[in-house]
Every structure is written in structure tokens, then in C-alpha cells.
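Please read them with the sequence and the model side by side.

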Amino acid sequence: MNNKQKGIFYVILGSMFWGIGGTVSQKLFQSYQIPLDWFITIRLIFSGMFLLLLAGICKQNIINIFSDRHTIFQLFIYSIFGMLAVQYTFLASIEAGNAAVATLLQYLAPIVMLIFLLVTRKISFKWIDLIIILISTFGTFLLLTSGNINNIVVAPKAIFWGLLSAVAAAFYTLYAGRLFIRNTPLTVIGWSMIFAGLFISLFNRHWSINPFSFGIKGIFFITFVIIVGTALSFFLYLLSVKYINPQLTALLGCIEPLTAVLLSILWLKQPFNIVQVFGMLIILSVVILISIINSKEKQASHT
């Protein structure tokens, strides 16, 4: 297996783990009534510890990030308004609706970034940008309404948190570059998860919960989401960038929502009609289109 094949394998596996993790989270909310704040607290703290352990095994300096006050401040901002915001809004959307819709709404983040860059005039306007925004809006409309504006088929609360998740993911992506310049992504993400988990633990109203009360299967699901659906997903995704370019990584990352949709239908028996499925395909097509355009623009800038 050559390096490119390794990179493709890692990103596909990591994306599948993310998609499965979201669906298992939905199962925990629906069948075990796990409180959102408690679940996010333990997920972030233990996933962060696991990632820092992996960083240590990879002989990365996990303490160096605290050598500069400005970096510590940036890490705090990233932890609260990036990592915590993404995790909370995404899981809140799953709790209110389902993993498939929550994942697809979060995948509108590239559209949010595009709009932000256009409004702040960091990129020049092109007609393709307007077309992309309009098409993605149409796809979202089909997903949420089945084509009937008077018939919203997704819970309004799930839509609210899902759209906020896209905004949070956009900030998470745009702000991350500042921290990754001097620190390894694995270290940054590990510490940001721990800080985010500790921060939300201050508002956790369910510390009295006994994890063993969920039974062996419930504990297995929780452990799976923490280790496989979160920590390993991030690790494999970051590992893939060493072997393939970020554009291909982002492109293959679309396997995550596909996995979430298929599992939601086959395992959790989540009903979707043909119009909603068409809306899903439109959203995924737009994300793929943006990845291809970005890839070509970067290649052109290096020639």
C-alpha cells in the first residue's frame, strides 16, 4: 500500500467512524435518554485525553502549546467557540432530530465560510459562488420540507441547532489555522477537547448519573462514541493529511454523511422520502463541487 492509498484508507475509515459515531449518539439519546450536557462532558474530556495519549505515543510535545500566552488565549477561544460550539450544536441537533439531518446541516459549513469570505471581501465575487449558495439553499429546502414550504418534516429545534452547527464548524475551520502553525493538530484538538469538556462541566446538571445504570450495551455505545466515533476519527482524519492533499481529504470526508444516512435508514429505521434524499444529494454535490474548485484554484496558484 503506497502513501496515497494509505491516506485514502485513513480518511475513509475516519469519516465512516464519524458517521457511525453520530448515529450511535442518536441511539443513546433515543433509547437511553442520556442527558446532553453529561454526554458532551464525558465525550470531550475522555476523547481529549485519548488524543493526547496518542500524541505522546507519536512523540509529540504536548506541553509546548502552553509556552506562549497568546497561544494559550487562542487555544481558549478555539476550545469554547470552536470545539465546544461544534460538539454541542451537532449533538443537540441529533437529540432533537436525527444524526443524518444533523450531519448534512453541519456540512453546510463550506457555504457559511464562502458567504463570510464574500461579505468580508477576503475573496472576490464570482457568479459560481452565487450559484453554489442558491443550489445549496435549494437542497436544504428539499431536505427540511420535502418540497412543501408549509410542511416542515424536520423538528424546528433540530434545524436551529443544525444550522448553528454549520456556523460553528465554519469558525472552527477558519480559526484552526492560527493554532496549527506552531503546534501539531493532534495536540491542539486534544487540549481543546479537554478545555471544552471542563468548561461545560461547570454547567453539568447530571453529575450524579451512574454510567453503569445504562447497562453493558449502553456503556459499549458510550465508549464507542468516545474512542472510535470521536478520538480515532480525528486521529485518522489528521493522519490522512500526511499522505494526501487536504482537498482530497475533504472530498472523501463526504463519506461521513453518507454513512450517517445509511445507518439511520437501515439500523434506526429513520424514514426519508425521495424528495429529502434528492435534497441530501444536492447538498453533498455542492460540498464536492467546492472541494474540486478549491483544489483547482490552489493548483493554479502554485503554477
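Predicted model: local features only at pLDDT ≥ 70, side-chain atom pairs only at ≥ 80, totals over all residues.

1. As to secondary structure, the protein chain has 12 helices and zero strands. Its radius of gyration is 19 Å, close to the 19 Å that the globule rule gives for 303 residues, so the chain is as compact as a globular protein of that length. Along the principal axes, the C-alpha atoms fill a box of roughly 50 × 50 × 40 Å.

2. Among the 303 residues of the protein chain, 50% count as buried. The accessible surface comes to about 15,000 Å², and carbon and sulfur atoms account for 69% of that area. Of the contacts with a separation of 6 or more, 84% are between residues 24 or more positions apart.

3. Side chains of opposite charge can pair when their charged atoms come close. Here the count comes to two salt bridges. In one of them D37 pairs with R205, with the closest N and O atoms 3.4 Å apart. Because D37 lies in helix 2 and R205 in the loop between helix 8 and helix 9, this pair ties together parts that are 168 residues apart in sequence. D37 is buried, at 7% relative accessible area, whereas R205 is exposed, at 67%.

4. Another salt bridge joins the side chains of D129 and K126, at 4.0 Å from N to O. D129 counts as buried, with 6% relative accessibility, while K126 is partly exposed, at 32%.

Notes. Residues numbered from 1 in each chain as written. Heavy atoms only, no water. Helix = DSSP H or I, 4+ residues; strand = E, 2+ residues; numbered from the N terminus. Rg over C-alpha atoms; globule rule 2.2 N^0.38 Å. Buried < 20%, exposed > 50% of the residue type's maximum accessible area, 1.4 Å probe, protein only. Contact = heavy atoms within 4.5 Å. Areas by Shrake-Rupley, 256 points an atom, 1.4 Å probe, with all protein chains shown as cover.
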